[in-house]
Amino acid sequence: MSSNLPAFKELIGQAKHSAVHLEMRDMYTPQGALFVDWQAGKPIEYDRHLDWVELVQETVGRGVDWRRLRIVSEPVTDFIRYEWETTTIVNVPAGEKVRWLPRRQVSDLLLPGNDFWVFDGRLVRFTHFAGDGSWGPHELTEDPALAKRCTEAFDAVWERGIDHAEYEPVWTPAAEKG
């Protein structure tokens, strides 16, 4: 594995067939401007995500199957509620296929310890985060056995996942946004 990585745009730009992403945390980037704005009551705006939208549209337009699955604890955190709303407004309209899976439904699966991307079933990019959800280093590997295990793990959760259009996150009244 290497920690000296090409930028994400370069990795996704090299994908020819597929890019799959497994997310397993309940909190990411707690100080990120978009999340902080959402917490303050500012609505999620498609236009604030145009770089991402253009990247997804260009990639999907080249025929790359872009899939994301989020394993979440329920009731969901405020951050997951924010992600769910963003997925409705940004990710799905841009062309991502997104599914959700409550954590209690994956107990019998063996999953990697970190979030990851797998590009074309051969290149894995692990994303490491600090305990508070802030960004940590990434690792990249082309180990065929590890790429196969990550692809199999993703396929197992994808099969169980609930399409974004059908998933209704469970949140407590304390998480209600006024």
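In helix 5, the residues Leu146, Ala147, Cys150, Ala153, Phe154, Val157 and Trp158 are buried, where buried means under 20% relative accessible area and exposed over 50%, with partly exposed in between (1.4 Å probe, protein chains only). They lie on the same side of helix 5 because they cover an arc of only 135° around the axis, the arc being that of the directions from the helix axis to the C-beta atoms. An α-helix has 3.6 residues a turn, so residues three or four places apart point the same way.

This is a predicted model, in which local features need pLDDT of at least 70 and side-chain atom pairs count only at pLDDT 80 or more, while totals for chains, interfaces and linings use all residues. Residues are numbered from 1 along each chain as its sequence is written, and side-chain values use heavy atoms, with hydrogens and water left out.

The face of helix 5 turned away from the buried side carries the exposed residues Pro144, Lys148, Arg149 and Glu159. The buried residues of helix 5, for their part, pack against strand 1 (18-23), strand 2, strand 3, strand 4 (115-119), strand 5 (123-129) and strand 6 (135-141), contact meaning heavy atoms within 4.5 Å; helices (H or I, at least four residues) and strands (E, at least two) are DSSP runs, numbered from the N terminus.

Of these strands, strand 2 (residues 65-72) and strand 3 (residues 97-102) pair in the parallel sense over six bridges, pairing requiring that DSSP finds at least two bridges between two strands. Trp100 in strand 3 is the bridge partner of Arg70, and Trp100 also stands opposite Ile162 in strand 7.
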